[in-house]
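I opened the notebook to look up how two chains meet. My entries follow, in the order I made them.

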Number of protein chains: 2
Amino acid sequence: MGVRSADSTCPIARTVDIIGDRWSLLIIRDAFDGVRRFSQFQRSLGIARNILAARLRDLVATGVLRVEPASDGSSYQEYVLTGKGEDLFDLMVSLRQWGQDHAFGPGEPRSVLVDATTDQPVPRLSYRAPDGRQVRARATRVRKVDEPDQPV
Amino acid sequence: MGVRSADSTCPIARTVDIIGDRWSLLIIRDAFDGVRRFSQFQRSLGIARNILAARLRDLVATGVLRVEPASDGSSYQEYVLTGKGEDLFDLMVSLRQWGQDHAFGPGEPRSVLVDATTDQPVPRLSYRAPDGRQVRARATRVRKVDEPDQPV
């Protein structure tokens, strides 16, 4: 790993430091899917125990997951998304939609996000400003912290 | 690294296999920011040359970046987002907004996504269905490929 960006002024860099690796992203996906126990994550991901333990510990330390006693009263621990973790739903949607668009051949079977009540596929979502306007990359730029103030 | 998910039926897993590591995500961020040359990426990221070369090669191989001759006529190569790469804008927005919400203290300086014409900050974006409806994680679930068809 390289230099961490905890002191970066870029919000993307800070997010990537917290959840920007393959296993963390897949653990968060599984947590949204209702996976809660160590052994369930391990089975779902085919991941080495020590790596899974380290990732879960990090995600708890950064407040994305929290540990709870088992819901069935057994002695197992369960890992559950916090509110901060649940706010990663948009990120999951972004990863899912891009994969649907660019990583499958036509007709290739894939899992689908559906409405929990109607079981109908969720329509394609797009990012909208509060006024309903869609924002395109080319119409934006990133203003850095050290940039001189622009005339408005 | 563990098992790759190129044959996964989960679109999130396939996306994560293509761009789900810290350096790839930061390279893509820089590409959206107008960074084009090897030396510029290296300076921006503080990344080892061999790792940067490997990540750029992978991102070209998967069609996220393409190589172009230098725009100034020099002999340098430039790395530019393809259309498939530009479709990662939503993912960049998700990473940025979550970082803004959860990885900065109040008043801590940070870079801001602004409108390229007006220089005004882009308002907070949220995912909307074509009918304008917002979709919440709790109102959805993922239907797996091997699930029996649900009665509709």
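**Strands across the interface**

I began with one residue pair: Arg141(A) has Val114(B) as its bridge partner in E3(B). E5(A) and strand E3 (residues 112–115) of chain B pair in the antiparallel sense, over four bridges. Strands pair if DSSP finds at least two bridges between them. Helices (H or I, at least four residues) and strands (E, at least two) are DSSP runs, numbered from the N terminus.

**Ground rules**

I noted that this is a predicted model, where local features need pLDDT of at least 70, side-chain atom pairs count only at pLDDT 80 or more, and totals for chains, interfaces and linings use all residues. Residues are numbered from 1 along each chain as written, chains are lettered from A and ligands numbered from 1 in written order, and side-chain values use heavy atoms, without hydrogens and water.

**Extent**

I looked up the contact (heavy atoms within 4.5 Å). Chain A gives 81 residues and chain B gives 81 residues. The buried area is about 7,400 Å², and carbon and sulfur atoms give 62% of it. Buried area is the accessible area (1.4 Å probe) that two parts lose on being put together, summed over both. Arg22(A), Trp98(A) and Tyr127(A) supply 12% of what chain A buries against chain B, more than any other three residues.

**Charges**

How many salt bridges does the rule find across the interface of chain A and chain B? I found 12. Each has a side-chain nitrogen of Lys or Arg within 4 Å of a carboxyl oxygen of Asp or Glu. In one, Arg22(A) joins Asp17(B), with the closest N and O atoms 2.4 Å apart.
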